[in-house]
Amino acid sequence: MGEFRQSTLRDDLFGGLVSVSLAIPLAMGYGMFAFTALGDSYFAHGALAGLYAAIVAGVVCVGLGDRTTTVYAPRVTTTFLLGALLYDLVHSDAEVLRGGNVHLIVIAFFSIIFLGGVFQALFGLARLGSLIRFAPHPVMAGLQNAAAALLFLVQLGDVCGFDHNIPFKAVLGHLAEVKPLSLAVALVTFVVMWKARVNTTKIPPLLVGLGIGTVLYFVLVLTGFGAQLGPVIGVPVAVESPTPYRAISDQIHLGDFAELFPFIVGGAFALALVAAIDALLCAKLVTPAGAKKADGNRLLMRLGIGNVLSACVGGITSGINIGPSLANRAFGAKTSLSVLINVTVLLLMSSVLSPVVSYIPRVVLSATIMVIAVQHIDPWSIDLVRRISTSASRHRGLMLLDLLVVAVVTALSVIINIVTAVFLGIVIAIALFIVRMSRSNIRRRYNCDKIHSRKARTPEEAALLEKRGGDILGLELQGVLFFGSAEMLSDDIERASAAGLRTIILDLRRVTEIDATGARILADIQVSLARKNQHLVLALAKNSETAARLSEAGIIEAMGAGCLFEDIDRAMEWAEDELIRTDAKDTKSNEIPLASVDLLSTLTSAELEAIEHHTRRETFPRGKVIFREGDPGSELFIVTKGRTSAYLNLINGGDIRLATFAPGTIFGELAILDTGPRSASVVADDDVICYVLSEQQFAALAKDAPAVAIKLLSGLGRELSRRLRRANQTIHQLET
């Protein structure tokens with residue numbers, strides 16, 4: 001046990017030291033990015049704010065029960081938002097901020113961070129962690145791309161070697177001040193860091209780029225080229241410290257915040273939303289395969305509390321730091337002790353070693369951050385562009401809409417501000433979702449002149465259905481039936497009914513949800529068709545959620561329970577019966593002679609007598625089970641009056657009707673061919689008369705009249721062939 005503890009301690013120590021070497025430059029770089037709008041005098045304060053945030057978040061999350069090796073630090077998405085919010089405060093038209101009230105700007109800035117942490121903790125307390133993850137991905141992709149673009153562009157001033165802060169939008173106006181040697185150092189640093197993973201896997205690329213870039217910088221300084229290079233980070237020299245607790249003694253009036261309050265609350269909510277989504281997504285990425293998933297709600301509460309405390313000590317918003325977290329685990333860390341080691345080094349760096357940090361060249365740090373910015377371009381967006389350029393599928397239009405949302409959010413974030421971009425992006429994504437969902441729900445449509453129910457028909461009825469079956473229209477629906485898609489369905493049915501249809505069947509078995517408006521529209525469709533003497537029937541399992549929804553809305557009662565059928569086969573049978581009832585003579589009460597049976601149509605009178613002599617005539621009352629699925633089978637049945645149906649029992653207790661046999665048809669023929677158990681149950685739908693041919697009687701027929709037996713077997717082959725062809729035709733029609 002002691003050896004194990006010693007090994008674990010050594011692994012945690014090594015993992016913590018490696019991860020902190022990655023976390024330090026990232027935290028400093030992001031912190032400086034967040035404070036860019038305040039100018040050069042706050043540059044070093046920004047670096048410290050990033051370190052403070054990483055320290056507080058790590059201590060709070062471990063203290064509140066996080067026992068993983070996850071490392072916490074500022075994130076590019078939240079830092080970008082903070083930089084944009086601070087920029088808006090600096091350039092605000094608010095009366096209280098005119099004249100450059102930097103102290104009030106700083107207090108407002110940290111108020112946003114503080115309140116954002118409160119909102120984030122409340123998200124977790126309200127158990128919204130599982131809901132926030134469903135934020136539209138194109139919106140988050142656009143936000144990440146904008147953050148990557150801005151993170152890259154903001155570094156241009158340092159890369160160019162300017163001696164003072166110049167916004168990236170003004171770089172073109174200061175081209176005469178660009179220092180070529182500074183650009184060369186940045187390029188070398190960028191390339192070295194970009195290629196480092198190819199040359200070595202033991203040292204993190206960021207450290208390789210930062211180390212070689214710094215050495216190159218100071219070699220050039222020592223050789224007399226210092227004037228042609230940009231400055232180092234430097235030490236904090238701001239007149240006003242950005243530590244918010246100083247405001248306690250400065251008597252800030254609440255009235256000063258009244259004008260800024262809407263901006264602070266809106267910015268804090270947007271910050272909390274972005275930070276929460278980012279944290280939940282990062283938690284997925286850093287969780288090892290097969291490991292227990294992170295509790296999103298607890299994660300949000302921990303980070304929210306951490307960000308509240310971070311604001312109190314002058315730190316910015318933190319999240320899960322993916323790179324250092326993965327490095328921490330990859331280099332052996334097994335417990336949260338590695339995170340505390342990481343925090344201890346960060347604390348040492350921000351206090352005792354801060355003078356050393358101040359000598360890091362800005363151009364080198366900015367070049368490494370540029371690499372990180374490029375690597376932060378959303379890979380899904382890149383893949384989306386590739387798929388659009390190479391795809392010719394029907395989904396190309398949907399992919400273009402997703403790309404449009406990404407582009408709009410990215411552009412708005414850069415041109416206007418990120419708060420507007422996030423909320424407008426969500427609105428656009430919701431609108432596009434409604435447009436997509438409002439597409440037609442019709443998955444397949446077919447007329448019943450080619451596709452029939454499984455009910456066997458007399459030759460006259462079959463001929464009628466071939467001729468008039470087109471008056472029955474089947475529509476198979478799918479997806480969500482709500483106000484948009486239901487209106488489109490109503491329009492489709494209105495156009496179809498104008499063609500003189502008799503019955504319209506709606507197959508709702510694949511409808512996943514239906515709202516009150518969609519249900520009401522179904523009732524309106526039924527009323528509209530009834531006025532034209534047309535019928536609307538529904539194929540829908542009575543115990544389904546959709547059926548329950550229609551029943552609760554009173555739609556089943558309004559339409560009548562007779563319009564609801566368990567499956568499409570029963571609905572189609574009803575429509576066919578209705579068509580036959582009004583267009584053909586009723587012959588169900590008459591028993592047909594054996595000569596009218598299709599199977600025996602090629603036999604002579606003498607041969608029919610032989611068949612009749614070797615069969616027995618039986619009657620079955622309505623509802624009688626003639627045989628059950630699994631029973632031993634040894635008899636063939638020839639129907640001469642009434643109808644029977646074959647059913648296949650389901651595991652859940654229901655059944656599927658396989659076929660209905662009318663006068664002139666046969667069933668149970670497989671028993672003659674293979675003497676196996678019955679494959680389905682057969683029930684008499686009416687009072688039925690059958691001629692029954694048993695296995696023994698068929699053997700006697702084959703002995704007494706072998707030619708008749710051969711003709712009978714040939715007729716069975718034709719019957720089975722016809723059934724197979726009809727099945728193939730139905731499958732073909734349904735699939736096309």
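I began with Leu 550, which I found in helix H23, spanning residues 545–552; helices here are DSSP runs of H or I with at least four residues, and strands are runs of E with at least two, numbered from the N terminus. The model is predicted, so I kept in mind that local features need pLDDT of at least 70, that side-chain atom pairs count only at pLDDT 80 or more, and that totals for chains, interfaces and linings use all residues. Residues are numbered from 1 along each chain as its sequence is written, and side-chain values use heavy atoms, with hydrogens and water left out.

Is Leu 550 buried or exposed? I noted it as buried because its relative accessibility is 0%, where buried means under 20% relative accessible area, exposed over 50% and partly exposed in between (1.4 Å probe, protein chains only). Leaving aside neighbours within four places in sequence, I listed its contacts (heavy atoms within 4.5 Å) as Leu 508, Ile 514, Ala 519, Leu 522, Leu 538, Leu 540, Ile 555 and Ile 556. I also looked up Ala 516, which is 34 residues from Leu 550 along the chain, with 8.4 Å between their C-alpha atoms.

Next I turned to Asn 321, which sits in the loop between strand E2 (319–320) and helix H13 (322–330). Asn 321 counts as buried because its relative accessibility is 4%. Not counting residues up to four places away in sequence, Asn 321 touches Ala 23, Leu 26, Val 71, Tyr 72 and Ala 73.

Last, I checked Leu 337, which belongs to helix H14 (residues 337–351) and counts as partly exposed because its relative accessibility is 33%.
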